[in-house]
Amino acid sequence: MMLRPRILLLDEPFAAVDPVTRLDIHEQLLLLHAREPTTVILVTHDMREALRLAQNIVVMDQGRILRHCESEQLLAGAGADQPERLLLSMLSGAPA
């Protein structure tokens, strides 16, 4: 962050971190972002992580964008199409 990048790409940065440490790192990232706003692209397969950290969500499948919306819209089920059902089933542990 010292170099003040315009875009910061984080590709699965927390994947190998234990859950307790992961939550602490999430908090630190959110605090850092509040102090030094920059565009962050977070690539993750962890839907809870994406919804916790992201303002906008892009759902992709086989390199295609299926859905792009704000996190709140995704949680509210806006459009009630397949990506929302898939994400919400993954969050609840229910089968898709």
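In this predicted model, I7, L9, I41 and V43 form a nonpolar patch on the surface. Together the four residues have about 360 Å² of accessible area. Patches are built from residues with over 30% relative accessible area and no salt bridge; like charges are joined within 9 Å, and nonpolar side chains (Val, Leu, Ile, Met, Phe, Trp, Tyr) within 5 Å. A salt bridge is a side-chain nitrogen of Lys or Arg within 4 Å of a carboxyl oxygen of Asp or Glu. Accessible areas follow the Shrake-Rupley method with a 1.4 Å probe, and for residues only the protein chains shown count as cover. The elements that give two or more residues to the nonpolar patch are β1 (7-11) and β2 (39-43). L9 sits in strand β1. L9 counts as exposed because its relative accessibility is 58%. The classes are buried (under 20% relative accessible area), exposed (over 50%) and partly exposed (in between), with a 1.4 Å probe and protein chains only.

Residues are numbered from 1 along each chain as its sequence is written. Local features need pLDDT of at least 70, side-chain atom pairs count only at pLDDT 80 or more, totals for chains, interfaces and linings use all residues, and side-chain values use heavy atoms, with hydrogens and water left out.

The secondary structure comes to four helices and four strands. Helices (H or I, at least four residues) and strands (E, at least two) are DSSP runs, numbered from the N terminus. Along the sequence the pattern reads β-α-β-α-β-β-α-α. The protein has 96 residues, of which 22% count as buried. It exposes about 7,000 Å². Carbon and sulfur atoms supply 59% of that area.

R4 is not a glycine, yet has a positive phi of about 50°. R4 lies in the segment before β1 and, at 62% relative accessibility, counts as exposed. E12 is likewise not a glycine and has a positive phi of about 50°. E12 belongs to the loop between β1 and α1 (19-35). With 26% relative accessibility, E12 counts as partly exposed.

F14 lies in the loop between β1 and α1. F14 counts as buried, because its relative accessibility is 6%. Leaving aside neighbours within four places in sequence, F14 is in contact (heavy atoms within 4.5 Å) with R22, I25, H26, L29, L42, E49 and L53. The C-alpha atoms of F14 and I25 are separated by 8.2 Å, at eleven residues apart along the chain. Across the protein, residues 24 or more positions apart account for 45% of the contacts with a separation of 6 or more.
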